[in-house]
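Work through the exercises below with the sequence and the model at hand. Each task is followed by a solution in steps.

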Amino acid sequence: MSVRPQAADPTVQPIPRKKVTIQALNALRASKTPITMITAYDYPSALACSSSTLTDITLVGDSLAQVCLGYSSTTQLTLREMIHHAQAVSRGTTHPFLVADMPFGSYHTTTADAVANAVRLVQEGRVEGVKLEGGKEIVDVVRRLTEVGIPVMAHIGLLPQRHSALSGYKVQGRSVEGAKRVVQDALALQDAGAFAMVVEAVPKELGKYITEQLKIPTIGIGAGPWTNGQVLVYDDAMGTWSGHKAKFVRRFANLKEVRDTGIQKYAEAVRDGSFPDENTESYAMDKELWQKFLKSETT
Ligand SMILES: Nc1nc(=O)c2c([nH]1)NC[C@@H]1CN(c3ccc(C(=O)N[C@@H](CCC(=O)O)C(=O)O)cc3)CN21
Ligand SMILES: CC(C)C(=O)C(=O)O
Ligand SMILES: [Mg+2]
């Protein structure tokens, strides 16, 4: 397994931690050490996720459609846009295992198209694995990608790319039949070769049951405390997303407040003339040379 070179930013200290591999993720599951995963969308957020010694997986989530690009849905994000962001994230990612979401439509036409698009994410986007939303209907694609050597993270439960078909973002697996369907999907995806599984917005009992039924790590988002790991959207966790806050979101920082205060102070300082300071934040010219310059202007 090759180790990506350390990020170019000289302020980032070398990470006292090995590159995370699929084997390492399985070991975390075996030792009941929770797996930590968070999204990143650009170079600075990737550096932030890498500078901690504690996160295991960085996901270039298609949630970037909403939180970075201002689209109303992840279905509007193109493969080209995802690759552009994955490239930036990969440049800032050191030890975490790097995964990108395959955008809506990029794995739904044919298996050959899905492989070609996943290869682009690996070669151009420099990711190590891809994540696909869906159940039984995508097992052939999951199997083929796995055979080719592209690790697949499955994503079951609430599938945001299907919000139109499902009439919104709703907790899944709440009925007996619904729960059965999610479990069947999970088993089929594991059988097809998925190395891990995101379980989104299902009752906590079902999150626990799926985790017990599977041999691969489960990573929950709104799936309760008993999955093998947790994932959150960076902007949700850092408090920079001002859209809908789902029940499963906890704000671990309030960067929005800090940022907005900073912008307000900046604008005030410009308006009241206190920025920039004449002495410490400006350049000066040699007095004699300045006089020479003025003289040359008048002659
Ligand atoms: N900022 C952000 N966070 C996310 O987690 C996220 C995105 N964006 N964009 C892509 C998808 C969309 N996601 C969503 C969006 C809405 C709900 C939501 O409204 N959930 C309801 C559940 C309602 C119910 O069935 O009871 C909630 O209020 O929690 C959940 C996940 C998850 N992903
Ligand atoms: C919330 C995570 C699992 C995701 O798929 C995304 O950020 O797009
Ligand atoms: Mg996603």
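**Exercise 1.** In which hand does α2 pass α4, left-handed or right-handed?

Solution. The model is predicted: local features need pLDDT of at least 70, side-chain atom pairs count only at pLDDT 80 or more, and totals for chains, interfaces and linings use all residues. Residues are numbered from 1 along each chain as its sequence is written, while chains are lettered from A and ligands numbered from 1 in the order in which they are written.

Step 1. Locate helix α2 at residues 43-51 and helix α4 at residues 79-92; helices (H or I, at least four residues) and strands (E, at least two) are DSSP runs, numbered from the N terminus.

Step 2. The two axes cross at roughly 40 degrees and come within 7 Å. Axes are lines fitted to C-alpha atoms, for helices over the stretch in contact, with angles from 0 to 180 degrees between N-to-C directions.

Step 3. The crossing of α2 with α4 is right-handed, a term used if the near helix is turned clockwise from the far one by less than a right angle.

Step 4. From α2, Tyr43, Pro44, Ala46, Leu47 and Ser50 make the contact, and from α4, Ala88, Val89, Arg91 and Gly92 (contact: C-beta atoms, placed from the backbone, within 7 Å).

Step 5. By class, six of these residues are nonpolar, two polar and one charged. Ala, Val, Leu, Ile, Met, Phe, Trp, Tyr, Cys and Pro count as nonpolar, Asp, Glu, Lys and Arg as charged, and the others, Gly among them, as polar.

**Exercise 2.** Describe the sheet and a helix lying across it.

Solution. Step 1. Eight strands, in the order β1-β2-β3-β4-β5-β6-β7-β8, close into a barrel with parallel pairing (pairing: at least two DSSP bridges between two strands). On average, neighbouring strands of this sheet are turned by 25 degrees against each other, direction ignored.

Step 2. β6 (residues 196-200) pairs with β7 (residues 218-221) over four bridges, in the parallel sense. Here Val198 is opposite Ile219 of β7.

Step 3. Helix α7 (residues 176-191) lies across β5 (152-157) and β6, at about 175 degrees to β5.

**Exercise 3.** Which residues surround ligand 2?

Solution. Step 1. The shell consists of Thr39, Leu59, Gly61, Asp62, Ser63, Asp101, Val198, Ile221, Val231 and Val233 (near: C-beta atom, placed from the backbone, within 6 Å of the molecule).

Step 2. Five are nonpolar, three polar and two charged.

Step 3. Around ligand 1 there are 18 residues, of which Ser63, Pro160, Tyr169, Lys170 and Ala246 come nearest. α3 (64-67) and α9 (234-238) are the elements giving two or more residues to this shell.

Key
Contact = placed C-beta atoms within 7 Å.
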